[in-house]
Amino acid sequence: MNDETISPSLISAILNARKMVALTGAGISSESGIPTFREAQTGLWATYDPQELATPQAFEEHPRTVLLWYQWRKSLIAKSEPNPGHLALASLEKIALQKGQKFTLITQNVDNLHQQAGSETVIELHGNIFRSKCAQCQRQPATELPEVTAESELPRCPFCGGLYRPDVVWFGESLPGEALQRAFEKSNHCDLFLSIGTSAVVQPAASLPLMAHENGATLVEINPNPTHITPKANYALQDKAGQVLPMIVNRIRNHLS
Ligand code: NAD
Ligand code: ZN
(Lines give C-alpha, C1' and ligand atoms only; values in the text may rest on other atoms or scores of the structure.)
(Ligands and ions follow the chains in the order given, each with its own letter.)
Protein backbone atom coordinates (compact mmCIF):
# COMPACT_ATOMS: atom_id res chain seq x y z
CA MET A 1 0.00 0.00 0.00
CA ASN A 2 1.34 3.46 -0.86
CA ASP A 3 0.31 7.04 -0.45
CA GLU A 4 -1.76 7.06 -3.66
CA THR A 5 -3.90 4.14 -2.55
CA ILE A 6 -5.29 6.17 0.34
CA SER A 7 -8.45 7.62 -1.08
CA PRO A 8 -8.98 11.41 -1.01
CA SER A 9 -12.49 10.78 0.31
CA LEU A 10 -11.02 9.09 3.41
CA ILE A 11 -8.82 12.13 4.04
CA SER A 12 -11.90 14.40 3.66
CA ALA A 13 -13.88 12.19 6.02
CA ILE A 14 -11.18 12.58 8.67
CA LEU A 15 -10.85 16.31 8.07
CA ASN A 16 -14.60 16.82 8.30
CA ALA A 17 -15.37 14.53 11.24
CA ARG A 18 -16.61 16.19 14.41
CA LYS A 19 -16.01 13.32 16.81
CA MET A 20 -13.43 10.65 16.10
CA VAL A 21 -12.75 7.44 17.98
CA ALA A 22 -9.78 5.13 17.44
CA LEU A 23 -9.76 1.60 18.89
CA THR A 24 -6.44 -0.23 18.99
CA GLY A 25 -5.48 -3.84 19.68
CA ALA A 26 -2.30 -5.84 20.05
CA GLY A 27 -1.56 -5.42 16.30
CA ILE A 28 -0.47 -1.80 16.67
CA SER A 29 2.21 -2.84 19.16
CA SER A 30 3.51 -5.80 17.15
CA GLU A 31 5.76 -3.40 15.19
CA SER A 32 7.29 -2.41 18.54
CA GLY A 33 8.27 -6.05 19.00
CA ILE A 34 5.55 -6.99 21.48
CA PRO A 35 4.07 -10.37 20.54
CA THR A 36 0.29 -10.66 20.20
CA PHE A 37 -1.29 -13.45 22.23
CA ARG A 38 -2.26 -15.37 19.15
CA GLU A 39 1.13 -15.66 17.49
CA ALA A 40 3.60 -18.34 18.54
CA GLN A 41 5.64 -17.32 21.57
CA THR A 42 9.39 -17.52 21.39
CA GLY A 43 12.13 -17.54 23.99
CA LEU A 44 11.85 -18.34 27.66
CA TRP A 45 8.12 -18.96 27.81
CA ALA A 46 7.65 -20.63 24.42
CA THR A 47 6.03 -23.72 25.90
CA TYR A 48 3.38 -21.79 27.84
CA ASP A 49 0.05 -20.74 26.35
CA PRO A 50 -0.73 -17.10 27.23
CA GLN A 51 -4.44 -17.90 27.13
CA GLU A 52 -3.86 -20.31 30.01
CA LEU A 53 -1.58 -18.04 32.04
CA ALA A 54 -3.66 -14.87 31.79
CA THR A 55 -6.56 -16.22 33.86
CA PRO A 56 -7.72 -15.87 37.49
CA GLN A 57 -7.63 -19.68 37.80
CA ALA A 58 -3.95 -19.81 36.79
CA PHE A 59 -3.17 -17.12 39.37
CA GLU A 60 -5.04 -19.00 42.08
CA GLU A 61 -3.28 -22.26 41.31
CA HIS A 62 0.21 -21.03 40.36
CA PRO A 63 0.59 -17.38 41.38
CA ARG A 64 4.38 -17.46 41.16
CA THR A 65 4.40 -18.77 37.58
CA VAL A 66 1.89 -16.13 36.51
CA LEU A 67 3.84 -13.34 38.25
CA LEU A 68 7.13 -14.51 36.74
CA TRP A 69 5.53 -14.60 33.26
CA TYR A 70 4.18 -11.06 33.73
CA GLN A 71 7.55 -9.89 34.95
CA TRP A 72 9.07 -11.26 31.74
CA ARG A 73 6.39 -9.61 29.56
CA LYS A 74 6.88 -6.36 31.43
CA SER A 75 10.64 -6.46 30.81
CA LEU A 76 10.00 -7.01 27.07
CA ILE A 77 7.56 -4.11 27.00
CA ALA A 78 9.84 -1.83 29.03
CA LYS A 79 12.55 -2.32 26.39
CA SER A 80 10.26 -1.46 23.48
CA GLU A 81 9.33 1.93 22.15
CA PRO A 82 6.32 3.48 20.49
CA ASN A 83 6.44 2.89 16.72
CA PRO A 84 5.34 5.20 13.88
CA GLY A 85 1.74 3.97 14.30
CA HIS A 86 1.56 5.07 17.94
CA LEU A 87 3.25 8.37 17.10
CA ALA A 88 0.87 9.05 14.20
CA LEU A 89 -2.15 8.51 16.46
CA ALA A 90 -0.73 11.00 18.97
CA SER A 91 -0.25 13.50 16.11
CA LEU A 92 -3.77 12.88 14.84
CA GLU A 93 -5.14 13.69 18.29
CA LYS A 94 -3.15 16.94 18.43
CA ILE A 95 -4.26 18.01 14.94
CA ALA A 96 -7.88 17.14 15.74
CA LEU A 97 -7.88 19.12 18.98
CA GLN A 98 -6.34 22.14 17.23
CA LYS A 99 -9.10 21.98 14.62
CA GLY A 100 -11.77 21.75 17.30
CA GLN A 101 -12.56 18.09 16.61
CA LYS A 102 -13.07 15.59 19.43
CA PHE A 103 -10.70 12.62 19.49
CA THR A 104 -10.79 9.61 21.80
CA LEU A 105 -8.35 6.73 21.81
CA ILE A 106 -9.59 3.44 23.23
CA THR A 107 -7.01 0.70 23.62
CA GLN A 108 -7.11 -2.98 24.48
CA ASN A 109 -3.34 -2.88 25.02
CA VAL A 110 -1.78 -2.85 28.44
CA ASP A 111 1.67 -1.68 27.31
CA ASN A 112 1.44 2.09 27.94
CA LEU A 113 2.94 2.80 24.48
CA HIS A 114 0.16 5.21 23.44
CA GLN A 115 0.79 7.35 26.51
CA GLN A 116 4.52 7.15 25.86
CA ALA A 117 3.94 8.32 22.29
CA GLY A 118 2.14 11.39 23.62
CA SER A 119 -1.55 10.51 23.32
CA GLU A 120 -3.42 12.48 25.97
CA THR A 121 -6.83 10.87 26.26
CA VAL A 122 -6.49 7.10 26.42
CA ILE A 123 -9.24 4.82 27.64
CA GLU A 124 -7.59 1.60 28.81
CA LEU A 125 -10.05 -1.27 28.48
CA HIS A 126 -7.69 -3.99 29.68
CA GLY A 127 -5.69 -2.15 32.34
CA ASN A 128 -1.98 -1.45 32.37
CA ILE A 129 0.80 -3.97 32.93
CA PHE A 130 2.90 -1.39 34.81
CA ARG A 131 0.29 -1.15 37.60
CA SER A 132 -0.46 -3.75 40.28
CA LYS A 133 -3.50 -4.24 42.49
CA CYS A 134 -4.48 -6.47 45.38
CA ALA A 135 -6.23 -9.60 44.12
CA GLN A 136 -8.66 -9.35 47.07
CA CYS A 137 -9.40 -5.71 47.89
CA GLN A 138 -8.20 -4.16 44.57
CA ARG A 139 -6.12 -1.48 46.34
CA GLN A 140 -2.95 -0.43 44.54
CA PRO A 141 0.42 -0.67 46.32
CA ALA A 142 1.83 2.62 47.62
CA THR A 143 5.37 1.88 46.42
CA GLU A 144 6.96 -0.21 43.68
CA LEU A 145 6.84 -3.95 44.40
CA PRO A 146 10.03 -6.01 44.72
CA GLU A 147 11.03 -8.45 41.96
CA VAL A 148 9.62 -11.95 42.25
CA THR A 149 12.12 -14.82 42.01
CA ALA A 150 11.76 -18.60 42.21
CA GLU A 151 12.15 -18.44 46.00
CA SER A 152 11.16 -14.93 47.11
CA GLU A 153 8.08 -14.26 49.21
CA LEU A 154 5.23 -13.08 47.02
CA PRO A 155 4.29 -9.44 47.66
CA ARG A 156 1.11 -9.04 49.73
CA CYS A 157 -1.33 -6.22 50.43
CA PRO A 158 -0.76 -4.58 53.85
CA PHE A 159 -4.51 -3.98 54.25
CA CYS A 160 -5.93 -7.45 53.72
CA GLY A 161 -3.00 -9.82 53.15
CA GLY A 162 -4.12 -10.59 49.59
CA LEU A 163 -1.54 -11.21 46.88
CA TYR A 164 -0.63 -8.42 44.51
CA ARG A 165 -1.34 -9.12 40.85
CA PRO A 166 -0.96 -7.15 37.61
CA ASP A 167 -3.74 -4.58 37.07
CA VAL A 168 -4.80 -6.11 33.77
CA VAL A 169 -8.00 -7.81 32.66
CA TRP A 170 -7.60 -11.57 32.42
CA PHE A 171 -9.55 -13.96 30.22
CA GLY A 172 -12.91 -14.54 31.85
CA GLU A 173 -12.88 -11.27 33.85
CA SER A 174 -15.10 -8.30 33.23
CA LEU A 175 -13.73 -5.00 31.97
CA PRO A 176 -13.36 -1.98 34.25
CA GLY A 177 -16.87 -0.51 34.36
CA GLU A 178 -16.08 3.17 34.02
CA ALA A 179 -13.66 2.72 31.10
CA LEU A 180 -16.15 0.50 29.33
CA GLN A 181 -18.99 2.92 29.83
CA ARG A 182 -16.94 5.81 28.44
CA ALA A 183 -15.86 3.66 25.49
CA PHE A 184 -19.48 2.81 24.64
CA GLU A 185 -20.56 6.42 25.00
CA LYS A 186 -17.78 7.78 22.78
CA SER A 187 -18.31 5.05 20.16
CA ASN A 188 -22.07 5.62 20.13
CA HIS A 189 -21.71 9.32 19.43
CA CYS A 190 -18.77 9.48 17.04
CA ASP A 191 -19.00 10.12 13.30
CA LEU A 192 -15.72 8.44 12.37
CA PHE A 193 -14.35 5.24 13.90
CA LEU A 194 -10.87 3.82 13.24
CA SER A 195 -10.38 0.16 14.15
CA ILE A 196 -6.65 -0.54 14.21
CA GLY A 197 -4.74 -3.78 14.80
CA THR A 198 -7.52 -5.64 16.49
CA SER A 199 -8.94 -8.97 15.44
CA ALA A 200 -12.32 -7.76 16.73
CA VAL A 201 -13.16 -11.07 18.35
CA VAL A 202 -12.60 -10.20 22.02
CA GLN A 203 -15.91 -8.89 23.42
CA PRO A 204 -17.16 -6.39 24.35
CA ALA A 205 -14.53 -4.24 22.61
CA ALA A 206 -15.33 -5.98 19.35
CA SER A 207 -18.85 -4.58 19.34
CA LEU A 208 -17.66 -0.94 19.47
CA PRO A 209 -16.82 -0.54 15.75
CA LEU A 210 -20.06 -2.21 14.66
CA MET A 211 -22.12 -0.12 17.05
CA ALA A 212 -20.49 3.07 15.74
CA HIS A 213 -21.16 1.98 12.17
CA GLU A 214 -24.80 1.20 12.91
CA ASN A 215 -25.14 4.69 14.33
CA GLY A 216 -23.91 6.17 11.06
CA ALA A 217 -20.19 6.61 11.70
CA THR A 218 -17.74 6.09 8.86
CA LEU A 219 -15.86 2.89 9.72
CA VAL A 220 -12.17 2.65 8.84
CA GLU A 221 -10.18 -0.51 9.47
CA ILE A 222 -6.39 -0.78 9.43
CA ASN A 223 -5.22 -4.38 9.63
CA PRO A 224 -3.10 -6.47 7.24
CA ASN A 225 -5.56 -9.34 7.73
CA PRO A 226 -9.33 -9.40 7.20
CA THR A 227 -11.58 -9.58 10.27
CA HIS A 228 -15.31 -10.00 10.67
CA ILE A 229 -15.72 -6.21 10.61
CA THR A 230 -13.92 -5.86 7.26
CA PRO A 231 -17.11 -6.38 5.20
CA LYS A 232 -18.79 -3.53 7.10
CA ALA A 233 -15.86 -1.11 6.83
CA ASN A 234 -16.24 1.93 4.56
CA TYR A 235 -12.47 1.86 4.18
CA ALA A 236 -10.42 -1.30 4.82
CA LEU A 237 -6.71 -0.51 4.61
CA GLN A 238 -5.00 -3.90 4.55
CA ASP A 239 -1.49 -3.03 5.67
CA LYS A 240 0.50 -2.41 8.84
CA ALA A 241 -0.59 0.38 11.16
CA GLY A 242 2.98 1.71 11.29
CA GLN A 243 2.85 2.23 7.51
CA VAL A 244 -0.69 3.44 6.97
CA LEU A 245 -1.19 5.84 9.89
CA PRO A 246 1.87 8.05 9.14
CA MET A 247 0.73 8.27 5.47
CA ILE A 248 -2.72 9.43 6.61
CA VAL A 249 -1.24 12.01 8.98
CA ASN A 250 1.06 13.33 6.22
CA ARG A 251 -1.83 13.73 3.84
CA ILE A 252 -3.82 15.59 6.47
CA ARG A 253 -0.88 17.88 7.25
CA ASN A 254 -0.42 18.64 3.53
CA HIS A 255 -4.08 19.53 3.31
CA LEU A 256 -3.91 21.89 6.24
CA SER A 257 -0.67 23.64 5.28
P1 NAD B 1 -6.07 -8.85 18.88
O2 NAD B 1 -7.26 -9.68 19.05
O3 NAD B 1 -6.24 -7.39 19.07
O4 NAD B 1 -5.41 -9.25 17.41
C5 NAD B 1 -4.29 -8.64 16.81
C6 NAD B 1 -4.69 -8.13 15.39
O7 NAD B 1 -3.65 -7.27 14.91
C8 NAD B 1 -4.87 -9.21 14.33
O9 NAD B 1 -6.11 -9.02 13.67
C10 NAD B 1 -3.71 -8.97 13.34
O11 NAD B 1 -4.07 -9.24 11.99
C12 NAD B 1 -3.46 -7.51 13.53
N13 NAD B 1 -2.10 -7.04 13.22
C14 NAD B 1 -0.93 -7.71 13.33
N15 NAD B 1 0.11 -6.90 12.99
C16 NAD B 1 -0.43 -5.69 12.68
C17 NAD B 1 0.13 -4.43 12.27
N18 NAD B 1 1.45 -4.26 12.12
N19 NAD B 1 -0.72 -3.39 12.04
C20 NAD B 1 -2.06 -3.54 12.19
N21 NAD B 1 -2.63 -4.71 12.57
C22 NAD B 1 -1.83 -5.76 12.82
O23 NAD B 1 -4.98 -9.15 19.90
P24 NAD B 1 -4.53 -10.53 20.54
O25 NAD B 1 -3.09 -10.66 20.32
O26 NAD B 1 -5.40 -11.62 20.08
O27 NAD B 1 -4.76 -10.27 22.12
C28 NAD B 1 -5.98 -10.22 22.78
C29 NAD B 1 -5.81 -9.30 24.02
O30 NAD B 1 -4.64 -9.64 24.78
C31 NAD B 1 -5.53 -7.87 23.66
O32 NAD B 1 -6.69 -7.21 23.31
C33 NAD B 1 -4.85 -7.36 24.94
O34 NAD B 1 -5.73 -7.11 25.98
C35 NAD B 1 -3.98 -8.50 25.31
N36 NAD B 1 -2.63 -8.25 24.75
C37 NAD B 1 -2.04 -7.01 24.89
C38 NAD B 1 -0.80 -6.74 24.29
C39 NAD B 1 -0.18 -5.38 24.44
O40 NAD B 1 -0.50 -4.65 25.36
N41 NAD B 1 0.70 -4.98 23.52
C42 NAD B 1 -0.15 -7.76 23.59
C43 NAD B 1 -0.77 -9.03 23.50
C44 NAD B 1 -2.00 -9.23 24.07
ZN1 ZN C 1 -5.87 -6.03 49.80
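Author: Let's start with a definition: two strands pair if DSSP finds at least two bridges between them. Helices (H or I, at least four residues) and strands (E, at least two) are DSSP runs, numbered from the N terminus. This is a predicted model, in which local features need pLDDT of at least 70 and side-chain atom pairs count only at pLDDT 80 or more, while totals for chains, interfaces and linings use all residues. Residues are numbered from 1 along each chain as its sequence is written, chains are lettered from A and ligands numbered from 1 in the order in which they are written, and side-chain values use heavy atoms, with hydrogens and water left out.

Reader: Why are S1 and S2 called paired?

Author: S1 and S2 share six bridges in the parallel sense; the rule asks for at least two, so they pair. One place to look is Leu 23, which sits opposite Ile 106 of S2.

Reader: What makes S1 and S6 a pair?

Author: Five parallel bridges link S1 and S6, and Thr 24 faces Ile 196 in S6.

Reader: What does the whole sheet look like?

Author: The sheet is open, with six strands ordered S3-S2-S1-S6-S7-S8 and parallel pairing. S3 (122-124) and S8 (235-237) are the edge strands: each has a single partner strand, so one side of each has no neighbour in the sheet. On average, neighbouring strands are turned by 15° against each other, direction ignored. (Angles run from 0 to 180 degrees between N-to-C directions, and axes are lines fitted to C-alpha atoms, for helices over the stretch in contact.)

Reader: How many bridges does S3 have with S2?

Author: Three, in the parallel sense, with S2 covering residues 102-107. Leu 105 has Val 122 of S3 as its bridge partner.

Reader: Which strands does helix H1 touch?

Author: H1 (residues 8-16) packs on the sheet and touches S1 (19-24), S6 (192-196), S7 (218-222) and S8, with its direction at about 110° to that of S8. Contact here means heavy atoms within 4.5 Å. Helix H6 (residues 84-98) lies across S1, S2 and S6 and runs at about 155° to S2.

Reader: Why is Cys 157 called buried?

Author: Its relative accessibility is 4%, and the cut-off is under 20%, so Cys 157 is buried. Cys 157 sits in the loop between S4 and S5. Neighbours within four places in sequence aside, Cys 157 contacts Cys 134, Cys 137, Gly 162 and Tyr 164.

Reader: Is Asn 112 buried, exposed or partly exposed, and what makes its phi stand out?

Author: Asn 112 has 24% relative accessibility, so it counts as partly exposed. Its phi is near 70°, a positive value in a residue other than glycine. You'll find Asn 112 in the loop between S2 and helix H7 (113-117).

Reader: And what about Ala 200: buried or exposed?

Author: Buried, because the relative accessibility of Ala 200 is 3%. Ala 200 also has a positive phi, about 55°, although it is not a glycine. It lies in the loop between S6 and H9, and that loop also holds Pro 204. A cis peptide bond joins Gln 203 to Pro 204, with omega about 0°.

Reader: What makes a space a pocket?

Author: On a 1 Å grid over the protein atoms alone, a pocket is an open set of points with protein on both sides within 12 Å along at least five of seven lines, whereas a cavity is a set where a 1.4 Å probe fits but cannot get out; lining residues have an atom within 4 Å of a point. Grid points are joined across faces, edges and corners, and the volume is the space filled by probe spheres set on the points.

Reader: How many residues line the largest pocket?

Author: The lining has 43 residues, with Gly 25, Ala 26, Thr 36, Phe 37 and Arg 38 nearest the centre. The volume of the largest pocket is about 1000 Å³. H2 gives the largest share of the lining, five residues.

Note on methods
Buried means under 20% relative accessible area, exposed over 50%, partly exposed in between (1.4 Å probe, protein chains only).
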